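Welcome, and thanks for stopping by. Please take a moment with the sequence and the model below before reading on.

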Amino acid sequence: MADDASAHSDILNATAQGQLKSIIERVERLEQEKAEIAEQVKEVLAEAKGNGFDVKIIRKVIRIRKQDRAKRQEEEAILDLYLSAIGEI
């Protein structure tokens, strides 16, 4: 097993090994930052809920704000058309 590891490390030169290690460490740091940010978002949403806001609707508003306005309006128009066609509005 150790021979396999040394055989594989011989395949990559020192520069490639350094690049690979650097890439892996950067991704690990970014994953850690992502987890920390996700925790902060969770805390902010908990604060919003504590202040009486509907977190589900806040998430929906955030999702809508990410969309292109024209695209969103087109989708809403089609949705209204379909709902009207089936008698829901």
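## A first stop at Arg72

Leaving aside residues up to four places away in sequence, Arg72 touches Ile64 and Gln67 (contact means heavy atoms within 4.5 Å). This is a predicted model, in which local features need pLDDT of at least 70 and side-chain atom pairs count only at pLDDT 80 or more, while totals for chains, interfaces and linings use all residues. Residues are numbered from 1 along each chain as its sequence is written, and side-chain values use heavy atoms, with hydrogens and water left out.

Arg72 is found in helix α4. Is Arg72 buried or exposed? Arg72 counts as buried because its relative accessibility is 16%; buried means under 20% relative accessible area, exposed over 50%, and partly exposed in between, with a 1.4 Å probe and protein chains only.

## The overall layout

Along the sequence, the protein follows the pattern α-α-α-α, with four helices and zero strands. Helices (H or I, at least four residues) and strands (E, at least two) are DSSP runs, numbered from the N terminus. Of the 89 residues in the protein, 4% are buried. The protein exposes about 8200 Å², and carbon and sulfur atoms supply 56% of that area; accessible areas come from the Shrake-Rupley method with a 1.4 Å probe, and for residues only the protein chains shown count as cover.

Helix α3 covers residues 55-66, which makes twelve residues. From first C-alpha to last, helix α3 reaches 17 Å, close to the 16 Å expected at 1.5 Å a residue. The expected span is 1.5 Å times one less than the number of residues in the helix. At the start of α3, a side-chain oxygen of Asp54 comes to within 2.9 Å of the backbone nitrogen of Lys56. A polar contact is a pair of N or O atoms within 3.5 Å; within protein, one must be able to donate a hydrogen and the other to accept it, and residues adjacent in sequence count only if both atoms are side-chain atoms.

Helix α4 holds 17 residues, 69-85, and its end C-alpha atoms lie 24 Å apart, in agreement with the 24 Å it should span. At its start, a side-chain oxygen of Asp68 reaches to within 3.3 Å of the backbone nitrogen of Ala70. After α4 comes Gly87, with a positive phi near 80°.

## Two salt bridges

How many salt bridges does the structure hold? There are two, a salt bridge being a side-chain nitrogen of Lys or Arg within 4 Å of a carboxyl oxygen of Asp or Glu.

| Salt bridge | Closest N and O atoms |
|---|---|
| Lys34 with Glu31 | 3.4 Å |
| Arg72 with Glu76 | 3.9 Å |

Lys34 and Glu31 are three residues apart in helix α2, so about one helical turn separates them. Lys34 counts as exposed at 52% relative accessibility, and Glu31 is partly exposed at 42%. Arg72 and Glu76 both lie in helix α4, four residues apart, about one turn of the helix. Glu76 is partly exposed, with a relative accessible area of 40%. An α-helix has 3.6 residues a turn, so residues three or four places apart point the same way.

## A nonpolar patch

Ile11, Leu12, Leu20 and Ile24 make a nonpolar surface patch of about 360 Å². Patches are made of residues with over 30% relative accessible area and no salt bridge, with like charges joined within 9 Å and nonpolar side chains (Val, Leu, Ile, Met, Phe, Trp, Tyr) within 5 Å. Ile11 sits in helix α1, residues 2-11, and counts as exposed at 67% relative accessibility. Leu12 counts as partly exposed at 35% relative accessibility. Not counting residues up to four places away in sequence, Leu12 touches Gln17 and Leu20.
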